Amino acid sequence: ETQLDAKLRSMRISLRLLVEEANRLALRVARESELRSLATEELNKVQQRKKAVESRIAAVDAQYGADLERARSLAYTSLRQLQRVEKERFEELFSFQHLPEPVICSLGALQAVLCHLEMIAADPTVSPRSLANQDVPTQALSAVAAATKVGGGGYPGSSARLKLPTRTETQSWAQDLANPDLLDKLGAWPSDKPMPGWLAAALETFLADPDSKPNILWEMSPAVARISSWISARTQCHRVLLRMEEKRRD
C-alpha cells in the first residue's frame, strides 16, 4: 500500500508538471497567435497604403501622361529640326569676330546641357537624387554664367562661383556645333527623367530672357534659333515631370 501511495503521488506530480507545461505552451501559442494577428493586420495596412500610392501614381500618370507625351513629341520634333540644319549654318558662326550676346547665351545653355550629359556618361550609376541635389559642376561654371548672364561671382541657390567664358571658349562652343556627335548626344538624352536642379535653373533663366526667343535669334543665326527651340521644348518635359512628382507626393 505504501508503494502504491508513492506511485500515486509520483503520478500526481508528473501530471501537475504536465498540466503546467501545457499551460505554458498554451500561453506561448496565444502570444504567437496574437503576434501573427498583429503582423497580418500591419501587413494588410501596408498593402492598403501601397495600393493607395499606386492608385495615386496611376491617377497622376493618367492626368499628366498626355502632357508629357506632347512635351516629349515637341522635343523630338525640335531635335529633328535641329538635325536638319545645314552644316554651313553652324559654320557661319565662325565668321563672327565677336559673337552677339544672345548667341553666346544660347551656346552657354547648350554647353551646360552637354556638361550634364558628359557627367552622366562618366558615371551612369549616379542616382537621380544625387543629381537633383548636385551643385553647378566646375566644368559648367562658364556655360551657366553665359546662359544666365549672371557674370562672374555667386549664383543664386548655389555655392559655386561662376566665371565668364573667354572669347576663345565661346568660339570653341560655336565650332563644336559642327560636330555631328553633338546632336547624337542630345538625341540620346532620356526625356523621362527630370534635370538636375542647377541645369533646370540655368535653362529657365535663359528661356526667361526675351533675347532667347527663336524669332529674335533667327536673324542672327537660324542654327542657334533651332537650338533655343529645342532647349525650350526639352525644358517643358522637365516641367511636366516635376508637376507629376509633386502630385505623386501629395
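**Close-up views of a predicted model**

**View 1. Crossing of helix 3 and helix 6.** Helix 3 (residues 101–122) and helix 6 (residues 167–176) have axes that come within 10 Å and cross at roughly 70°. The two helices are therefore roughly perpendicular to each other (65 to 115 degrees). Helix 3 contributes Ile 104, Leu 107, Gly 108 and Gln 111 to the contact, and helix 6 contributes Thr 170, Trp 173 and Ala 174 (contact: heavy atoms within 4.5 Å). By class, four of these residues are nonpolar, three are polar and none is charged. This is a predicted model, in which local features need pLDDT of at least 70 and side-chain atom pairs count only at pLDDT 80 or more. Residues are numbered from 1 along each chain, and side-chain values use heavy atoms, without hydrogens and water.

**View 2. The aromatic pair of Trp 189 and Trp 230.** The structure holds one aromatic pair (ring centres within 6.5 Å, with the six-membered ring used for Trp). Trp 189 is in the loop between helix 7 (180–187) and helix 8 (197–208), and Trp 230, 41 residues apart from it, is in helix 10 (residues 222–249). Both Trp 189 and Trp 230 are buried (under 20% relative accessible area, 1.4 Å probe). The charged end of Arg 234 sits over the ring of Trp 189, 3.9 Å from its centre (CZ of Arg within 6 Å of the ring centre and within 35 degrees of the ring normal).

**View 3. Surroundings of Leu 203.** Leu 203 lies in helix 8 and counts as buried because its relative accessibility is 2%. Leaving aside residues up to four places away in sequence, Leu 203 touches Ala 109, Val 113, Met 195, Ile 231 and Thr 235.

Note on methods. Axes fitted to C-alpha atoms, helices over the stretch in contact; angles between N-to-C directions. Helix = DSSP H or I, 4+ residues; strand = E, 2+ residues; numbered from the N terminus. Parallel < 35°, antiparallel > 145°, perpendicular 65-115°, else oblique. Nonpolar A, V, L, I, M, F, W, Y, C, P; charged D, E, K, R; others polar. Phe/Tyr/Trp six-rings, centres within 6.5 Å; stacked < 30°, edge-to-face > 60°. Buried < 20%, exposed > 50% of the residue type's maximum accessible area, 1.4 Å probe, protein only.
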